[in-house]
Amino acid sequence: MARETQENKTIRDERYDAHNVETKWYERFQQDPTLYAAEVNSTKPKYYVLEMLPYPSGVLHMGHVRNYAIGDALARYMWMNGYNVLHPMGWDSFGLPAENAAISNNTPPREWTLRNIGNMKAQMKRLGFAYDWDREVTTCFPDYYRWNQWFFLKFYERGLAYRKKSRVNWCPNCATVLANEQVLANGCCWRHEATPVEQRDLEQWFLRITSYAEELLRDLGKLEDWPEKVRTMQRNWIGCSAGVLIDFKLAPSGSLPQSATITVFTTRVDTIYGATSLQLAPEHPLVADLTASDPALRDQVERMLAEQRKAKELGDIGEIEKHGVNTGRFAINPYNGERVPIWVANYILMEYGTGAIMSVPAHDQRDYDFAKKYRLEVRPVIQPRPSSELASQVDFATSAFTPTDGVLVNSGPFTGLQCEEAIKKMAEYAQQHGFGKPTITYRLKDWGVSRQRYWGTPIPMLYCEKDGIIPVPEKDLPVVLPDKVEITLSGGSPLANLPEFLNTTCPKCGGAARRETDTMDTFVDSSWYFYRYADAHNQRAPFDSNTIDYWFPIDQYIGGVEHAILHLIYSRFWTKVMRDMGIIKNDEPVKRLFTQGMVIKDGAKMSKSLGNVVTPDTMVERFGADAARIYSLFAAPPDRDLDWKDSGIEGIQRFLGRVYRLFVRNISPSLGTSADPDGRRPSAEARQIQRKLHQTIKRVSDDFQGRWHFNTSISAVMELVNQLYAVEDEISKLPAKLVAQVEKSLVLMLAPFAPYLAHELWEMLGEEGSLLRAPWPTYDPELAKEEEIEIAVQVNGKLRARIIVAHDAGRDLVEQRALSHEKVKAALAGKEIVKVIVVPGKLVNVVVR
RNA sequence: GCGAAAGUGGCGGAAUUGGCAGACGCACCAGACUUAGGAUCUGGCGGGGAAACCCAUGGGGGUUCGAGUCCCCCCUUUCGCACCA
C-alpha cells in the first residue's frame, strides 16, 4: 500500500503541470515590477525591440500572441547577450470602435477602452511577455495626446498643417471622413465592407506630407533591413514621376477670358508635336466654363461624373470604357501654334497631375484607344531607329508606339533628336519661353487628419470672428477631451453640440471664439508613440532629445504587413519633421523591420462569422502560455502565414512535458558531485552528447542572428532532448560536469521561448542568479564537429552507397574507400571511369562511361 | 493587365553556399508497460516493387559530374498595384 502511494506520487511529480508552475512564476514575476525595466545611464550597448502597439479592442487574438512571442524571444535573447534592452508596450486607444461600443453597449468610450486595456494587459502578463510596463503609453490619456496637440501647433508654425476645403471620402455608416487609404478597392469603407463611400466637400485639416515626398522616397534606399516588399509598396504609394508642366492657351472665343490657360502634366513632352487633342477630367474647374453655353454638353459631363461615382462605388473604376465629349473649343499648342480640340474624358483623373493631359494617340496606348473610338488623328512623331528590333513591331494601325527608344520626326526644330535628349531640350525650351517648367509629380497626397468624431485628440485650433484661425497657445495645452458627451451616429462631431467645449475666448483679442471640433486621425498617435516610450513620464516635452539619441533608431520593429504603407509612412514623415524641428537627430525611426505572417485557421482568416476563432485565454488554460508561445513560433517560419491546429500545440505540450520529466529524473545530488573520470578520454556517448549540445547552441544562436526561423531553432532543441532520451539509461555514467552543462544550456536556450518552464528548471538546477540576465550559452566549433561522417557515393549522380570516414579523412582515402565499396564496384562493372569528384565531407561522385 | 512571393509526404514544415530530399512536429500503424489509456516509452511511416532496384520537390525544357536550389517557358495560389499622363 505504501509502495503504491509512493509510485503514484512519483508519476504525479514527473508529470509537468503547466498550470501550477506558470501560476507560481506568474506571481513571482508580478512581485518585481522592475524585472523587465530598461536601464537608465547604462554602459551596455542598447537594443530597442518593439512590437506594433495594439488597438484595445477587447481581447488579444492569436495574431497578437505570435507578434509578441517573436519580439519577446528576441528581447530575452538580447538581454542574455548583455544588451540594455528597451521592450515597451502601449495602447493605440483612440478610435472609432470605442464610439460604436458606446452606442451599442451604452458604455462611455473611455470606460470601454480602459476596461479592454485592463483585460488585454492581464492577458499579456499571463502570457509572460517581458514588457517594461513603467513606460506604458496610452494614447487616449491627456499626458500623451497633449503632445499630439503640441506637435500639431509646431507643424502649423512650420506651414505643415493647413486647412482647405476638399472633396473627401465620407462613410455614411461611420459618419466620418475616411482617408484614401481607408477606402477599399471596391469603393467601400474599410470598417463597413458593404457601405459605399460617398464624396463630400468639407473644410479639413491637412498635414503637408507631400513636402517630404522626395525624401521619403529617397531614404527608402537607406532602409536596407526592411523587407523589399514593404519598400516597393511605399515606393508605389509615393509614386514619383518626372515630367513637364505645359501651358496651353485657349483659342479666343466667346466669353472666356483670353488669358485662360490649361496646364497639362506630361512625362513625354518629346511627343507634343503629336498631340491631337487636350483631355480634361470631368471635375476640372474649367469644364464648367467651357460647357456653360451648351446645356446639352453640360448634361453629358454631368452624366460622366455620375457614372464615375457609381463605378467608384462598385470598385469598377479602371474598367469602365474610355469615353468623352468634344467641347468644341480649342487650345493652342505652344510649340507649333496648332489649334487642338479640347475634350472632356472619363479616364482623366482630377487627383493626379493637373487633371488635364495632352493626348498623343500615336505614343500612348490609352490615348490611342480613345482616338480610335472617336476617329481622332494618330500622328506619329517618334520613330524607332531602323536598326532597332523595335522597328519591325511598329504598326500604327493596331497600337501606339510607346518606348522612348526612338528619334523625333515631324517635330519642328527638334526633329532628329533622340527621345531622352528631346525631353530635356524641349523642357528647357518651354521654360525659356515661359510656357512650362520641369516638375516632379507624386501620387502621394497630403494627409487629411480631420475626423468628425469624438474619441480622438482634439485639434488645438480656435476660430475667432475677428482674428480668424488662431492656434491654442502652448500654455493652454492640453485641450482636454470632455468626458460627458452624447454619442450618435449622425454626421458631425459630438463636440460641436457641447457649448462648454465649443465656446471659448480668443487669446489674441479676448473676444468670443469657437473651438475646432474635429479630432485627429489616430494614425497621428501611432506616428511617434515609440519616441514617448524612451521618456514616458516627461511633463515638459514629448521626450528628452538626449534620451532619444541613445535609444534611436529602433533596432527591430515587428508587426503585420498591413501597416506597410500608412503607419510606416506617417511614422517616417513624423520623424523627418521632428528632425527638422531639431528635437531628434535620426532621419529614420526604424532600422530593421520584420513583418510576420497572419495566423489563420483551416485556411481562412479567423473570424466570428466563420466560427474558427482560437483565443489565447483558451490556449493558456488548456496548454499553458509557454506551449501557446512556442507553437506560434514552431508551426511556421515567422514571416509566413500560420495555420493554427490544436493537435499541433498538443505536440508542444508533450515536448515541454518531456523536458520537464528529463530534468526531474536526472537531476540528483549524486550526479552533481560525482567526479569526472580522471585523465580518461570521455566515452563515445559523452562525446556524442557534447557534440550535439554544441551543434544545438550553434543552430539556435544562428537563427537568432540570421533568418529568425525559430521553427528550426525549436526543432534543434527537440533533437537535443530526443538524443538525451536515447541515452537516458546511461546518463548516470556520463561526466557530471557534462550533464550539468547540457542541462544548464538547455534551460538557457528554452528561456526566450518558454520562460515559465525555463524558470522552473533553472530553480531546480539550483541556479542562483536571474535567468533573465544569465549569459547565453556559447559553442565551440571544434566540439560541434562530427568525428566520423557519412559520405554519399554516387555513380553518375545516382546514390549507390554510403561510407563512413573520419571527418578529416583525405581525398585519396575517401576516394579509395568509395571505389572499393561492394555496391559501387557492382555499379562500375564493365564501365570506364571518366573522373571521380570528391567533395570533402559531403560525397563522392564517380563519372563513368 | 503589371509587379512580388510561394508551390516539397496524409498535414505544418526542414534541406542557410548547387552535393545523401523529407530534419522536427502532427496524424496514422505496430509493440511495450498496464485493470485501463485521450498517460508514457520503443519502433515504423513519400510512392511502386518479393527483391535488386525504379520513380518522386506544380508541369515542360536547359546548364552541370550533380538541381528542391541556377536559367528559359507554362500552370496554380496568395499578396500588392491597377486608366498615375
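The questions below concern a predicted model.

User: In what order do the strands of the open sheet of four strands lie?

Analyst: The pairing in this open sheet is mixed. Strand 30 (798-806) and strand 31 (833-839) are its edge strands, each pairing on one side only. From one strand to the next, the twist averages 20°. The order is 30-29-32-31.

User: Which residue in strand 30 stands opposite Val795?

Analyst: Strands of a sheet pair through backbone hydrogen bonds, either parallel or antiparallel. Strand 29 (residues 788-795) pairs with strand 30 in the antiparallel sense, over eight bridges. Opposite Val795 stands Lys798.

User: At about what angle to strand 30 does helix 26 run?

Analyst: Helix 26 covers residues 811-819. It lies across strand 29, strand 30, strand 31 and strand 32 (843-848). Its angle to strand 30 is about 130°.

User: Are helix 6 and helix 14 roughly parallel or roughly perpendicular to each other?

Analyst: Two packed helices are described by the angle between their axes and the distance between the axes. Helix 6 (residues 142-157) and helix 14 (residues 522-532) have axes 10 Å apart and pack at an angle of about 110°. Angles of 65 to 115 degrees count as roughly perpendicular. Helix 6 and helix 14 are therefore roughly perpendicular.

User: How many nonpolar residues does the contact of helix 6 with helix 14 have?

Analyst: Helix 6 contributes Asp143, Tyr144, Trp147, Asn148 and Phe151, while helix 14 contributes Val524, Asp525, Trp528, Tyr529 and Arg532. Sorted by class, the contact has one polar residue and three charged ones. The number of nonpolar residues is six.

User: Is Tyr529 buried or exposed?

Analyst: Tyr529 is found in helix 14. Beyond its neighbours within four places in sequence, the residues in contact with Tyr529 are Leu50, Glu51, Met52, Leu53, Val137, Tyr144, Tyr557 and His567. Buried means under 20% relative accessible area. Because its relative accessibility is 0%, Tyr529 counts as buried.

User: What is the separation of the C-alpha atoms of Tyr529 and Lys698?

Analyst: Along the chain, Tyr529 and Lys698 are 169 residues apart.

User: Which residue is the bridge partner of Met461 in strand 20?

Analyst: Strand 19 (residues 461-464) and strand 20 (residues 468-471) form an antiparallel pair with four bridges. Together, strand 19 and strand 20 make a hairpin, with three residues between them. The bridge partner of Met461 is Pro471.

User: Which helix is included in what covers the buried residues of helix 4?

Analyst: Helix 4 spans residues 96-105, and its buried residues are Leu96, Ala98, Glu99, Ala101 and Ala102. After helix 4 comes Asn106, with a positive phi near 60°. What covers the buried residues includes helix 5 (109-126).

User: Is helix 17 roughly parallel or oblique to helix 19?

Analyst: The axes of helix 17 (residues 616-623) and helix 19 (residues 646-666) cross at roughly 40° and come within 11 Å. Angles under 35 degrees count as roughly parallel. The angle of helix 17 to helix 19 therefore makes the pair oblique.

User: How many charged residues does the contact of helix 17 with helix 19 have?

Analyst: Met619, Arg622 and Phe623 of helix 17 meet Asp646, Ile649, Glu650 and Gln653 of helix 19. By class, this contact has three nonpolar residues and one polar residue. The number of charged residues is three.

Definitions and conventions: Residues numbered from 1 in each chain as written. Chains lettered and ligands numbered in written order. Predicted model: local features only at pLDDT ≥ 70, side-chain atom pairs only at ≥ 80, totals over all residues. Heavy atoms only, no water. Pairing = 2+ DSSP bridges. Helix = DSSP H or I, 4+ residues; strand = E, 2+ residues; numbered from the N terminus. Axes fitted to C-alpha atoms, helices over the stretch in contact; angles between N-to-C directions. Contact = heavy atoms within 4.5 Å. Parallel < 35°, antiparallel > 145°, perpendicular 65-115°, else oblique. Nonpolar A, V, L, I, M, F, W, Y, C, P; charged D, E, K, R; others polar. Buried < 20%, exposed > 50% of the residue type's maximum accessible area, 1.4 Å probe, protein only.
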